[in-house]
Amino acid sequence: IIGPLSRQRFFLKAGLADVVVTDEQCVITDIPQMASEAGAAMVACSDKISYGLEEVSAKPVDDILREMLENQKQFLILDSEKAAEVIVRAALALAPLRQERKKLMTKEEASLLSAKCRGTCETCNRACPNLLPVNLAINQARQGDFTKLGSVFLRCIGCAKCEEACVNNIPIQKVMQAAAASDTYKIRAGRGPIHDVEIRKVGSPIVLGTIPGVILFAGCSNFPGDIDDVAWLAEELARRKYIVNLSGCAAMAAAMRKDEDGKTIYEKYIPEFDAGCIVNVGSCISNAHVVGAAIKIANIFATLPNRANFELMADYIINRVGACGVVWGPYSQKALCIGTGAVRWGIPIVLGPHGSKYRRLFMSKKEASDWRVMDGRTKQRVDTQEPTPEHMMLVTETKERALVTIIKQCFRRNDTPPGRAIKLNSYISAYKQVMGSLPDDLQNFIRTEKEIPIVYKREVIAYLKEVGWKPKISLSLPTLIGTYETKVPIEATVK
Ligand code: SF4
Ligand code: SF4
Ligand code: SF4
């Protein structure tokens, strides 16, 4: 594994691959050119992204290989068995011939390539979507100091806009080879669906709120800060006994952080779907397994039927399953679809700052919004006065703000008082850790004094008095069914 999407261009330009194979998602458009410049063979395997290449499934393997190895031809091969044979045989043939091309740039070579930069024109900085100080980094690299370029590399998303804009045509992505650390990291293999037996174990504590929440880190590597911020967020939540799941590029990026003992989060936390564990569910499309886990909770724990029952399931999840999705480095339409898909199921999403470019959020106005729900037992409409969850999709700017927002988005109306106390304990402790004070909206989420975590009791009671807090209603069967026109009877929510 070379890492998330942000490392794709860097790796291809480094020429380390003998054969480059593309599928249908999240592959950059100039892969054929980069493969050809690196002297690597290239095979496209999906008609969704065929790069205009000739489809050669009908040709004999020996003929395809001859064309590839002797004439550097690139092909589309839709017959996957034939593609596999071609790829393996091409790699075996090319590997011994390409040893020289796999050498990374030395610091001396990188300094020479940067010779024309004086760091003054700053055209590269203006092109960089992450506002990185490329000019300073390249200018210092010219003088033999690669420290700055190393830190730029850690925050670089690999778009190559700086390189395209550089007035002196400096191959900035290649120069970064001399600054990149040659560290390797350990990641757990993607484990696939959450099993029914695991759901039976955690369904009740999740719904009662005593497991404070299920978190999914999904999406790409368009991070606002360092590549290891996802690992920091995941660990802060796992320490607080959330069930943490990761997928796709977020799962890979989370492996790229080691503690003082050299361990990644995958080595430190158990890979089970349980409190305080960290699970790599798999590739980007494995996100569905985590939404699936929320659906399974409604189906297995609450015995709601799966078939033709979308509305009721989503209602159950939004009111009772404390879950939150995080797309910390959003780039693609696919990441937006993943987030929106989770929202449809009643799971709120927290986006990183680049998510604002999607130009669509689902945010409430706390004070003006209607927080009434039906009490499934009395069939009366009740004003809970609590914004839980407060927003369905919002952007946060820093990892610290993201941490407290993720925790807050896991509050649910169905939380029992002990469950809400556990969630509030996480919220207050995280807020104090990263913001240095009590949360300024604490009064919105405390329904009764019983819910105030013991360790913070005196401080919180003083705060509640100051802001004029009043107790709120706590429901054991909250539902939105019945608050709008629907064919679903409210009785269906009572199982
Ligand atoms: S390749 Fe990296 S440094 Fe260059 S513009 Fe893109 S993000 Fe910025
Ligand atoms: S655009 Fe090129 S020459 Fe100008 S500061 Fe950036 S790296 Fe240096
Ligand atoms: S997380 Fe998924 S959508 Fe985003 S870049 Fe990675 S593979 Fe693509």
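Author: A residue is near a molecule if one of its heavy atoms lies within 4 Å of it. By that rule, the residues around ligand 1 are Cys-128, Pro-129, Leu-132, Val-134, Cys-156, Ile-157, Cys-159, Ala-160, Cys-162 and Gln-173. This is a predicted model, in which local features need pLDDT of at least 70 and side-chain atom pairs count only at pLDDT 80 or more, while totals for chains, interfaces and linings use all residues. Residues are numbered from 1 along each chain as its sequence is written, chains are lettered from A and ligands numbered from 1 in the order in which they are written, and side-chain values use heavy atoms, with hydrogens and water left out.

Reader: How many nonpolar, polar and charged residues does the shell around ligand 1 have?

Author: Ala, Val, Leu, Ile, Met, Phe, Trp, Tyr, Cys and Pro count as nonpolar, Asp, Glu, Lys and Arg as charged, and the others, Gly among them, as polar. The shell around ligand 1 has nine nonpolar residues, one polar and no charged ones.

Reader: Is Gln-173 buried or exposed?

Author: Buried means under 20% relative accessible area, exposed over 50%, and partly exposed in between, with a 1.4 Å probe and protein chains only. Gln-173 has 1% relative accessibility and therefore counts as buried.

Reader: Which residues surround ligand 3?

Author: Ligand 3 is surrounded by Leu-5, Cys-26, Gly-219, Cys-220, Cys-249, Cys-284, Ser-332 and Lys-334, a shell that divides into five nonpolar, two polar and one charged.

Reader: How should I read the packing of two helices, and at what angle do helix 15 and helix 16 cross?

Author: Two packed helices are described by the angle between their axes and the distance between the axes. Helices are DSSP runs (H or I, at least four residues), numbered from the N terminus; axes are lines fitted to C-alpha atoms, for helices over the stretch in contact, and angles run from 0 to 180 degrees between N-to-C directions. The axes of helix 15 (residues 287-301) and helix 16 (residues 310-320) come within 9 Å and cross at roughly 105°. Angles of 65 to 115 degrees count as roughly perpendicular, and helix 15 and helix 16 are therefore roughly perpendicular to each other.

Reader: Which residues of helix 15 and helix 16 meet?

Author: Contact means heavy atoms within 4.5 Å. Ala-294, Ile-295, Ile-297, Ala-298, Asn-299 and Phe-301 in helix 15 meet Met-313, Tyr-316 and Ile-317 in helix 16, and this contact has eight nonpolar, one polar and no charged residues.

Methods
Parallel < 35°, antiparallel > 145°, perpendicular 65-115°, else oblique.
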